[in-house]
Amino acid sequence: MTPATEPASGGGAPGREHSGRAGAGPEAAGGPEVTGDTTPVHGKAVAPAAHAAHAAHAAPVAAADPTPGPALDRPVSAATSVATSSGPVGPLGPVVAGVDIGGTKTSAALVGPDGAVGPVVTVPTPAAEGPAAVLAAVAGAVRALGGAPVAVGVGSAGVIDPVRGRVVSATDAMPGWAGTELRSGLEQLLGLPVAVDNDVHAHALGEAWTGAARGARCVLLVAVGTGVGGSLLIDGRVHHGARQVAGHLGHLAVPAATGLPCTCGGTGHVEAVAAGPALHAAYRRAGGSPDVPDLRAVAALAAAGDDRATRVLATGARALGQAIGGLANVLDPDLVLIGGGVAHCGPPWWDPLRAAFAAELLPPLAELPLTACALGPTAAIVGAARLAGAAEPRQVLGERQAPVC
Ligand SMILES: [Zn+2]
């Protein structure tokens, strides 16, 4: 797989614009691009533009907030109640739209109440044109889905306040994005209830719903791409912190990064030694050929046994493993999930990561799983749909018997 160098941000890293997931499919140069099969999302195939005529007759959104609690205790459909007589309500319930807004592209899909994902529509994110253009692009992508979703969930780059529905901060990659009224703006454009959160948090919610963390209550997700980001789920809920900044684990200090400048303006943070661009830069500093263009090429060299590439990957992976292990000692999660493009660097990266992680753990945590994410590029779409209430959250939470972490 390709080590994507997309930013891994948001609940992740300041200075990063998107979670570090591997590529989510080719970008459309013009109109919306549709990828994927017409996967049944509610017991029958959902094709783009299907059911559009029923948009005004969709089912109400019940229990729309999948992360009930102080930070997300508002019903997503507070102002919306629609008829139940017709519309895309299959045997399992209503269909919602999940949206993943990144710095360069925006993807959307219909998601059923069981988490099944329909065809993905991808459009460029017109970040340079400002927030209004971005919102219009998102609305266009949702409309292109058809299917009469009853609500929309959005995972976006940047620090997002899910309660106020606003972008708290963002990097220069999305000029003016900070301060954008993301939820109300989209509600006005779409006429549907909208729930919003950071994209890395959405990624974690997706994995916890139908992916590698299914059934887990306390989950630490680490996204390693252009940046190092993360998300912490406690009792199935996103932990946002007091200022919505929680999850920025790329800015933990580690010895291997001492003196190295970080994207946040500080120095010595793990992102400065473990993110994709940092690994490529380290390869160059180690005397690697300037003809090796990116991390993908470095990983290919390591896979072929090249000592320099192997050492560089190991150094970054060990630093990250050390940081994650220390966090695990603090948090004692059910499991740790690793995602992002760098996680596709293979055993030369994973082996030292696991070794450093294990070496850091307190003895009672010796069996703590360190697992690759399972959902791939649709994870944030799935998690965003979870935000929108694709399923009654308590149906899932009620199955969990593990003690609250
Ligand atoms: Zn930093």
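Me: Two strands count as paired if DSSP finds at least two bridges between them; with that in mind, what joins β2 to β3, and how many bridges are there between them?

Reply: This is a predicted model, in which local features need pLDDT of at least 70 and side-chain atom pairs count only at pLDDT 80 or more, while totals for chains, interfaces and linings use all residues. Residues are numbered from 1 along each chain as its sequence is written. Strand β2 (residues 96–101) and β3 are joined by six bridges and run antiparallel, and a hairpin of three residues connects them. Within this pairing, Val99 has Ala108 in β3 as its bridge partner. Strands here are DSSP runs of E with at least two residues, helices are runs of H or I with at least four, and both are numbered from the N terminus.

Me: How do you know that β3 is paired with β4 as well?

Reply: Four bridges link β3 to strand β4 (residues 120–124) in the antiparallel sense, and Lys105 stands opposite Pro124 in β4.

Me: What makes β3 largely enclosed by the rest of the structure?

Reply: A residue is buried if 20 or more other C-beta atoms, placed from the backbone, lie within 10 Å of its own, exposed if 12 or fewer do, and partly exposed in between. Seven of the seven residues of β3 (residues 105–111) are buried, so the strand is largely enclosed. In a regular strand the side chains alternate between the two faces of the sheet. In β3 both faces are covered, with Lys105, Ser107, Ala109 and Val111 buried on one side and Thr106, Ala108 and Leu110 buried on the other.

Me: Why are α1 and α2 called oblique to each other?

Reply: Helix α1 (residues 131–145) and helix α2 (residues 182–190) pack at about 50 degrees, with axes 10 Å apart. Angles under 35 degrees count as roughly parallel, over 145 as roughly antiparallel, 65 to 115 as roughly perpendicular and the rest as oblique, and α1 and α2 are therefore oblique. Where they meet, Leu135, Ala136, Val138, Ala139 and Val142 in α1 face Gly185, Leu186, Leu189 and Leu190 in α2, contact being C-beta atoms, placed from the backbone, within 7 Å.

Me: What makes Val159 buried?

Reply: Val159 has 27 other C-beta atoms within 10 Å, and is therefore buried.

Me: Why are Asp235 and Asp332 called partly exposed?

Reply: Asp235 has 16 other C-beta atoms within 10 Å, and is therefore partly exposed; Asp332, with 14 such neighbours inside 10 Å, is also counted as partly exposed. Asp235 sits in the loop between β10 (228–234) and β11 (237–238) and has a positive phi, near 55 degrees, in a residue other than glycine. Asp332 sits in the loop between α7 (307–331) and β12 (335–339), and its phi is positive at about 50 degrees although it is not a glycine.

Definitions and conventions. Axes are lines fitted to C-alpha atoms, for helices over the stretch in contact, and angles run from 0 to 180 degrees between N-to-C directions. Two residues are in contact if their C-beta atoms, placed from the backbone, lie within 7 Å. Two strands pair if DSSP finds at least two bridges between them.
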